[in-house]
Amino acid sequence: MLFKKSISMDPILVTGINGFLGSHLSDYFINTGVKVYGISHGIYKSSGVKIIDNDILTTKNIPNEISTILHFAALTDVQYCEKNHLECFETNVKGTKNILDLARKNDSNVIFASSSHVYGKPETLPISENTPLNPISVHAKSKVEGELLCEKYTELYGMNISIIRTFSIFGPRSPSYSLISRIINQILNNKKIILGNLESKRDFLHISDFLTAIEILIKNPIEGCSKINIGSGKNFSVNQICEMLFEISQTSNSIQIDQKLIRKNDIDELLCDNSKLKKLGWSPKLSFNDGLKQVFNHFESNYKQLS
């Protein structure tokens with residue numbers, strides 16, 4: 001594995017800056033003194049970011065000084081993508097091609113946000129970057145197409161592109177459709193917890209550890225097209241997460257299984273092999289339980305302010 005000399009982290013471009021990951025990335029790097037540009041779909045309210053456009057499909061130019069593009073703009077709700085597959089491929093594939101074209105013209109490195117969903121139902125665990133891809137959802141298939149574009153652009157134009165396959169990242173401002181957000185919101189509203197498959201297991205990583213992983217990848221760009229898993233290396237079942245949140249919130253809501261919430265191609269278990277990322281000097285710092293406490297307190301604080 002070849003490395004270029006560490007580069008300055010200033011400046012960067014974040015696409016999808018209004019999203020969960022994009023907004024945390026912009027906050028994190030602004031707070032460390034990095035100059036951040038953004039592409040924002042809709043009104044972006046935080047200060048410190050220079051917005052250059054509002055749509056990855058129509059952006060035609062980016063500032064010459066941008067050294068790295070963090071491409072996180074995408075449709076990520078799996079269920080929404082199943083119902084809107086044309087929109088999903090338009091945004092996630094055509095939008096990625098436009099960003100790669102801009103990066104090529106600008107000679108910028110790229111970090112492309114893929115997903116652990118590209119692995120589908122793995123035959124063995126943990127999942128390494130060499131695990132065969134087997135996308136079984138529209139969202140996952142769109143991410144595989146994005147990865148293929150990254151590989152082709154590296155082959156044709158010699159670009160440096162890191163494809164990150166993120167597992168379940170959680171933290172404050174997690175999307176409302178995410179598992180942990182749904183459980184916490186139902187607890188705070190003192191409702192019965194209605195969920196799908198309680199036995200499915202996912203690998204969860206707190207947003208703070210995700211951000212340090214991205215920082216390392218920006219500072220140490222890998223030559224060519226690389227694939228890197230980002231996850232904790234530990235997984236928990238839906239039922240375990242409920243029990244942990246009941247203990248944190250000091251509640252004991254009843255749980256009801258709704259068969260309609262169980263996906264046809266639901267993946268039983270995902271577990272990240274993060275050894276490749278660890279070789280770059282990264283390791284997760286926050287335990288899952290401590291991360292859950294922080295996120296619950298954040299949701300609870302906002303809930304009290306609104307009530």
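In this predicted model, the largest nonpolar core holds 33 residues. The residues with the most contacts inside this core are F29, L70, F72, I164, F210, I214 and I230. Two or more residues of the core come from each of β1 (12-15), α1 (20-31), β5 (109-115), α6 (207-219) and β10 (225-230). The contribution of α6 is the greatest, at 8 residues. In soluble globular proteins, nonpolar side chains tend to be buried together.

Leaving aside residues up to four places away in sequence, F29 is in contact with M9, I12, V34, V36, L70, I214, E215 and I218. Another core, of 24 residues, lies apart from the largest one and includes F170, I180, V238 and L292.

| Core | Residues in core | Some of its members |
|---|---|---|
| Largest nonpolar core | 33 residues | F29, L70, F72 |
| Another core | 24 residues | F170, I180, V238 |

The sheet is described next. Three strands make up an open sheet with mixed pairing, in the order β7-β9-β11. At its edges are β7 (168-170) and β11 (235-237), each of which pairs on one side only. On average, and with direction ignored, neighbouring strands of this sheet are turned by 50° against each other.

Strands β7 and β9 (residues 201-206) run parallel and are joined by 3 bridges.

Methods. Residues numbered from 1 in each chain as written. Predicted model: local features only at pLDDT ≥ 70, side-chain atom pairs only at ≥ 80, totals over all residues. Heavy atoms only, no water. Core = buried A, V, L, I, M, F, W, Y, C linked by side-chain atoms within 4.5 Å. Buried < 20%, exposed > 50% of the residue type's maximum accessible area, 1.4 Å probe, protein only. Helix = DSSP H or I, 4+ residues; strand = E, 2+ residues; numbered from the N terminus. Contact = heavy atoms within 4.5 Å. Pairing = 2+ DSSP bridges. Axes fitted to C-alpha atoms, helices over the stretch in contact; angles between N-to-C directions.
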